[in-house]
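The exercises below are meant to be worked through with the sequence and the structure side by side. Try each task before reading its solution.

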Amino acid sequence: MTQARITWLGAFVACLLMVTTRLNISHPFEWVPIALTPLCLLAALVRLAGEKTRASRIASPVLFGFGIIWAWEMLCVGLHVPFILLPPPSAVAVAFVNNLGMLGSDFDQTFLHSVIAGYIIGCGTGFLTALAIDRSPFLQRGLTPLANMFSAMPIVGIAPITIMWFGFDWPSKAAVVALMTVFPMLVNTQAGLQESGIMERDLMRSYGASYWHTLIKLRLPAAMPMIFNALKLNSTLALIGAVVAEFFGTPTRGMGFRISTESARMNLDIVWATIFVAALAGGLSFALIAWGERAVTFWHPSFHKRQT
Amino acid sequence: MAKSPKFLSRPSFPRKRDSSSTATTNAYGAAAKILPPAVILTTLIIIWYIAAYLLNEPQAIALMDPDGPTNFWAVVNASWSMDRPVLPTPDQILSNLADSIFNYPLDSPRNFLLQTAYTAQAALTGLALGAVLGIALAAGIVHSRVLDRSIMPWVIASQTIPILAIAPMVVVALGNIGFTGLAPKAAIVGYLSFFPITVGMVKGFRSPDTMQLDLMRTYNASRAQIFTKLRWPVSMAFLFPSLKVAVALAITGAIVAELPTGAQVGLGARLLAGSYYGQTMMMWGALVLASLLAITLIFCVRLGEFFLRTSRGGRL
């Protein structure tokens, strides 16, 4: 008990030190907190790794993340790293707050239009195609190697061609996203539909269940873990596809446009703020899908409480 | 703990359901394996030609010689052989590629082989970098609780972040301190390919079960010995699937890394230049070669996997 208290106290002190350190040093005594912080942080991390509680499992990465940001800030300011190489996090935070309107419009263009539209079209097409070819082993055997081959290809490269077809605005980006997401969904749904066991399918047959009954009551629920895998994989792919497709040309808004133009104009603080928005959007949509997965596939062994 | 991606599930044993892989010993089995993809591929190519006709037809009619023949086949031929088609036909793409490869010297920037070599160089350098870093980090995570607890969640969280988006910034930032050419591209590719390898290898190094680890302990094996004699050989079953994912990412990364430098060399640069100047054939050629490069590299990984599997008597 006291051991745990010491650990948490150390973590708290480390955080306190990180928040309070300043680098405009006027007195040699002010070096002490700067030197003390990494030691305190490391000690707290080592102690936390020994803990078994849930809180310590969350605290370790959070503390580590704070440590990285702190070290980043200190190195940037202390070593006078040029702004065009790596802006300090404080400057990124200021840029984020100052450009909220612009970042919001970029988010609207890239995420709410290109990503969402492309994601729905791509995942929907992949899912429906998998259902359609499910009854034909010939099509399945033919499409699986081709789909695997497609997943290895650099599909974002098709962006200039979709721009030629669908124009500069978001539909061309949505097309890239749709193409990128369709094959993972197809392959995973197809594999998922094979997941139900022979025993269960025999049981359904003994009930006299039709193909559709078996599909809806047994095979689709059994396929859900694989389908959610594809949904999670695709949420990242979709964002990457939309951002990278904008590097090839876009109207004057969008996260990819912002990143490429502002890095050419050396405004790296705005670039980092945009990356922060993209990371936040990616993380939140991933979390949303993971939450849906937990709700739908609660029966899967990977969600069982771990035995200690 | 969330479920692992599909490529990380233990791949060492052939699935019973997979009838195609067990029946490849005779000629009939081989045909059954090759025939369906071949039929579908042929169908797709036929659809491609029809689509090329439908998409190019309006422009083809507008460009046709008014005095020449105007029957159906003339229109079809015209729409299949346009200079700047909306959708070029496969044979146009291939003849264009062959033209650029055989009719220009190897060091000419119009030769696509030179561009492919640039991209492949960046991709392979970065991949080697990413593989070494990823395996080292995975070994660290497996052996250190502190690293496991504090870094692993970030490695997993980083998968949800569009890493590729920072490529232009890395190129510009590294360019400012004098790194141009191969270095920034390799850095981006390395950064991209290192994540799947880390995640896969952590799983691989942890995959020996308690019985096997206990056996090593009864031999009084040191941690280094357990690593080299048990963890490393066992992890090979996870290295190859991770490498396949990393290869796909590496090619994409190498292409995207070429965009912000102002389209000088490489397949990505060709794509961008084709996009600027409306050169449809240039874009398609670059795209086809990039895909071929990816397929070749994946094939090399598969070949390595096959040789290792054979030398271990049929399983990894």
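**Exercise 1.** State which domains are assigned to chain B and how far apart their centres lie.

*Solution.* The domain assignment of chain B, whose bounds come from an automatic or database assignment, gives domain 1 (17–87) and domain 2 (112–311). Taken over C-alpha atoms, the centres of these two domains of chain B are separated by 34 Å. Turning to chain A, one finds domain 1 (2–81) and domain 2 (96–303), with 38 Å between their centres, again taken over C-alpha atoms.

Before going further, note that this is a predicted model, in which local features need pLDDT of at least 70 and side-chain atom pairs count only at pLDDT 80 or more, while totals for chains, interfaces and linings use all residues. Residues are numbered from 1 along each chain as its sequence is written, and chains are lettered from A and ligands numbered from 1 in the order in which they are written.

**Exercise 2.** Determine how many helices and strands chain B has.

*Solution.* Counting DSSP runs from the N terminus (helices are H or I with at least four residues, strands are E with at least two), chain B has 12 helices and zero strands. As for burial, 37% of the 316 residues of chain B count as buried, where a buried residue has 20 or more other C-beta atoms, placed from the backbone, within 10 Å of its own.

**Exercise 3.** Describe the side of chain B that touches chain A.

*Solution.* Begin with the count: the contact (C-beta atoms, placed from the backbone, within 7 Å) takes 53 residues from chain B and 58 residues from chain A. Next, the elements of chain B that give two or more residues to this side include α2 (27–63), α10 (223–257) and α12 (280–311). Finally, the residues on this side of chain B divide into 39 nonpolar, nine polar and five charged, with Ala, Val, Leu, Ile, Met, Phe, Trp, Tyr, Cys and Pro counted as nonpolar, Asp, Glu, Lys and Arg as charged, and the others, Gly among them, as polar.

**Exercise 4.** Find which residues have the most contacts inside the largest nonpolar core.

*Solution.* A nonpolar core is a set of buried Ala, Val, Leu, Ile, Met, Phe, Trp, Tyr and Cys residues joined through C-beta atoms within 7 Å. The largest has 130 residues, and those with the most contacts inside it are Val189(B), Val247(B), Ala250(B), Ile251(B) and Ala294(B). Helix α10 (residues 211–247) of chain A supplies the largest share of this core, 17 residues.

Key: Two residues are in contact if their C-beta atoms, placed from the backbone, lie within 7 Å. A residue is buried if 20 or more other C-beta atoms lie within 10 Å of its own, exposed if 12 or fewer, and partly exposed in between; C-beta atoms are placed from the backbone.
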